[in-house]
Amino acid sequence: MKFHVLTLFPQMIMDALNTSITGRAIDKGILSVNAVDIRDYTHDKHLKVDDYPYGGGAGMVMQPGPVVECYENIVTKGTKPRVVYMTPQGETFSQAKAKELAQEEELVILCGHYEGIDERALEEIVTDYISIGDYVLTGGELAAMVVIDSVSRLVPGVLNNDVSAETESFSDGLLEYPQYTRPVEFRGKKVPEVLLSGHHAKIDEWRHEKSLERTKRFRPDLYEAYLKDHPEERKN
Ligand code: SAM
């Protein structure tokens, strides 16, 4: 899968994604991340890409020209990849949205800065508006990395063990069960006996129970939604 990130801080994106699991997938050619500097597309002799907002108010606004020209330069003629604008005003990002985006072969992610981007550039190129939560960041780069990281791990071959993405939190509407590894006893706390039993059906049953318990505790909204689809699992 190919990501293009339109940003004023391409180094920030490359430094983060060239490490660990995404870094290995880039090395293997399963992923490619092309972070492009919007500033390269300004015609201003001082390389300015922002200006004061019409109508007054605080801060600066990114001008439409460099953003749209940057987009036009990276996109292959005749193709129309989806363009995601990272914005606190967008749809809240979710595992379902990550799965949807992972079906794309190519994705463009646009990062704003300052007070955001001139509306006309957004109207011209953006197809999806995504927020990573109800808070305001200084720029879209951290948000873009969140999206790229979570979408990438759903691309076949990126995780060593593809099964792990299928059993993780949110994949079946529940949070994942608790995990344990060696040692069998840590500061007086033992690994639950059933996990040492080798009895796979019992282990699955225990994990499902724990998933239900912790979803009810930490995310009652998800728990209620799950029970709507599985009413037989409701216990008092
Ligand atoms: N003035 C904008 C508003 O009130 O909606 C906020 C601009 S914010 C300071 C600068 C940039 O950070 C935005 O253009 C966007 O790209 C990014 N950003 C900020 N918060 C975000 C969030 N919660 N999710 C995704 N992107 C965000």
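This is a predicted model: local features need pLDDT of at least 70, side-chain atom pairs count only at pLDDT 80 or more; totals for chains, interfaces and linings use all residues.
User: How far apart do the C-alpha centres of domain 1 and domain 2 lie?
Analyst: The C-alpha centres of the two domains are 37 Å apart. Domain 1 covers 2–152 and domain 2 covers 169–233, with bounds that come from an automatic or database domain assignment.

User: OK, what pLDDT does the protein average?
Analyst: The average is 96, and 99% of the residues score at least 70. pLDDT is the predictor's confidence in each residue, from 0 to 100. For the complex, the predictor gives an ipTM of 0.99 and a pTM of 0.95.

User: New topic: how many residues surround the ligand?
Analyst: There are 19 residues around the ligand, and the closest are Met 86, Pro 88, Gly 112, Gly 140 and Ala 143. A residue counts as near a molecule or strand if its C-beta atom, placed from the backbone, lies within 6 Å of it.

User: Which strand gives the most to that shell?
Analyst: Strand β5 (residues 82–92) does, with four residues. Helices (H or I, at least four residues) and strands (E, at least two) are DSSP runs, numbered from the N terminus.

User: And how many helices and strands does the protein have?
Analyst: Nine helices and nine strands.

User: Where's the cis peptide bond?
Analyst: Between Arg 182 and Pro 183, with omega at about 5 degrees. Pro 183 sits in the loop between α7 (163–167) and β8 (185–186).

User: What's up with the phi of Ser 20?
Analyst: Phi of Ser 20 is near 55 degrees, which is positive even though the residue isn't glycine. You'll find Ser 20 in helix α2 (residues 20–28).

User: Is Ser 20 buried or exposed?
Analyst: Exposed, because 10 other C-beta atoms lie within 10 Å. The cut-offs are 20 or more other C-beta atoms within 10 Å of a residue's own for buried, 12 or fewer for exposed, and partly exposed in between, with C-beta atoms placed from the backbone.

User: What about Tyr 114, then?
Analyst: Tyr 114 counts as partly exposed, because 17 C-beta neighbours are inside 10 Å. Its phi is also positive, near 55 degrees, in a residue other than glycine. Tyr 114 is in the loop between β6 (106–111) and α5 (119–125).

User: Last one: what share of the protein do buried residues make up?
Analyst: Buried residues are 26% of the 236 residues.

Notes:
Residues are numbered from 1 along each chain as its sequence is written.
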